[in-house]
Amino acid sequence: RSHVFLASSTRNTDEQDTKKTSVVLKVPATEFVQTEALKKQFSIESFLTRRIHSPHVIKSEYLRNHSAALLPSSEYSLYQYFEGQTLSQWILDNPRPSLEQVRIIIEQVATGLQAIHRQGLIHQDLRPDNIMVNSEGHCTIIDLGTAALIDAPYLYCENPIPGTALYSAPEYFLGEIGTPQSDQFSLAVLAYFLLCGRYPYGTKMAHCQTVSAQNKLKYKSAINTTLSIPLWADNTLRRALHINPTKRFSSLSEFTFALRYPNPSQHNSHVPLIQRHPLVVYKALVLLLVFTNLVTLVLYN
């Protein structure tokens, strides 16, 4: 939907001194500017970003601070330059992060989302490509192109599914409006993907556009033979990824707390053996079949 360029800006700090800084110049893609609704959405992004003050959300630069003027015929915006890599690239470089590494990332992103929610906004498009990670592990949300007012979600964007299907909450596919719990679902999908390299409901969510179809979806436990995730952490993800938004955590802080500190009541939850150790179960079944065949051959020969 847009193109970004690294630009250099000379800022006057006083009458005699000037400071050269790097900024990001963002312009809409050619096909993007051909639709009035999308042009409006692009122009409002910078305004919404300036309302948010968080070290984990990208900052929108004022043009007047860089001795620049926005011409009436021009459509572009300036943003803080953040040196690092996208979380998508980080995942490729770290294909098997520990639970603690995932917690640190999720907690930072949740802090950024909380700052967005405090301004009466929802992000609606949380995914690895929209998160930057620097060399020190600091995470920053960099794109608010689909952000919307909680009380007026269609004021600037008329798309019923504003984000990426694999990370979008189920309610969007029912034609419902998003809420902070929708962002919580996307954040939980991100945590799940970081840990497992797959999605909690596979790729079927986008095809389920009725309540009955969504209720047939089954959460795939994050516990397997190659990944050491405690049961209580899996239960935390299961709750944050509930199909019904009212069954999720009441707040992001509650979700991140539950992901870090075990709830004693969760230790009693039962998970079938085939979900906890699927490979062991399949090997046992194969051995049982081989043994049964051998016994049958001995008896009938």
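This is a predicted model: local features need pLDDT of at least 70, side-chain atom pairs count only at pLDDT 80 or more; totals for chains, interfaces and linings use all residues.
View 1. Helix 7 is mostly covered, with 7 of its 10 residues counted as buried. The buried positions in helix 7 are Trp232, Ala233, Asp234, Asn235, Thr236, Leu237 and Ala240, and Leu237 is also, together with Leu187, the residue that touches the most other members of the largest nonpolar core.

**View 2. The largest nonpolar core around Leu187.** This core holds 61 residues, among which Leu187 and Leu237 touch the most other members. Helix 5, which spans residues 180-196, gives the most to the core, contributing 11 residues. When residues up to four places away in sequence are not counted, leucine 187 touches Ile106, Val109, Ala110, Leu113, Leu126, Leu252 and Phe255. Another core, of 5 residues, lies apart from this one and has Val24, Ile58, Tyr79 and Met132 among its members.

**View 3. Helix 3 packed against helix 8.** Two packed helices are described by the angle between their axes and the distance between the axes. For helix 3 (residues 99-118) and helix 8 (residues 252-260), the axes come within 10 Å and cross at roughly 170°, which means that helix 3 is roughly antiparallel to helix 8. On the helix 3 side the meeting residues are Glu100, Arg103, Ile104, Ile106, Glu107, Ala110, Leu113, Gln114 and His117, and on the helix 8 side they are Leu252, Ser253, Phe255, Thr256, Leu259 and Arg260.

View 4. Glutamine 214 is found in helix 6, residues 211-215, and it counts as buried because its relative accessibility is 2%, where the cut-off for buried is under 20%. A polar atom of the glutamine 214 side chain lies 2.9 Å from the backbone oxygen of proline 170, and a polar atom of this side chain lies 3.2 Å from the backbone oxygen of cysteine 208. With residues up to four places away in sequence left out, glutamine 214 touches Pro170, Phe173, Leu174, Met205, Cys208 and Ile243.

View 5. In one of them, tyrosine 167 and tyrosine 199 are arranged edge-to-face, at 5.6 Å centre to centre and with 90° between the planes. Tyrosine 167 lies in the loop between strand 9 (148-149) and helix 4 (170-173), whereas tyrosine 199 lies in the loop between helix 5 and helix 6, so the pair ties together parts that are 32 residues apart in sequence. Tyrosine 167 counts as buried at 6% relative accessibility, and tyrosine 199 counts as buried at 18%. The rings of tyrosine 201 and tyrosine 219 have centres 6.4 Å apart and planes at 70°, so this pair is also edge-to-face. Because tyrosine 201 lies in the loop between helix 5 and helix 6 and tyrosine 219 in the loop between helix 6 and helix 7 (231-240), the pair ties together parts that are 18 residues apart in sequence. Tyrosine 201 is buried at 8% relative accessibility, and tyrosine 219 is buried with a relative accessible area of 11%. Ring pairs also link Tyr167, Phe193 and Tyr199 into a cluster.

Definitions and conventions. Residues are numbered from 1 along each chain as its sequence is written. Side-chain values use heavy atoms; hydrogens and water are left out. A nonpolar core is a set of buried Ala, Val, Leu, Ile, Met, Phe, Trp, Tyr and Cys residues joined through side-chain atoms within 4.5 Å. Buried means under 20% relative accessible area, exposed over 50%, partly exposed in between (1.4 Å probe, protein chains only). Helices (H or I, at least four residues) and strands (E, at least two) are DSSP runs, numbered from the N terminus. Contact means heavy atoms within 4.5 Å. A polar contact is a pair of N or O atoms within 3.5 Å; within protein, one must be able to donate a hydrogen and the other to accept it, and residues adjacent in sequence count only if both atoms are side-chain atoms. Rings of Phe, Tyr and Trp (its six-membered ring) pair if their centres lie within 6.5 Å; planes under 30 degrees apart count as stacked, over 60 as edge-to-face and the rest as tilted. Axes are lines fitted to C-alpha atoms, for helices over the stretch in contact, and angles run from 0 to 180 degrees between N-to-C directions. Angles under 35 degrees count as roughly parallel, over 145 as roughly antiparallel, 65 to 115 as roughly perpendicular and the rest as oblique.
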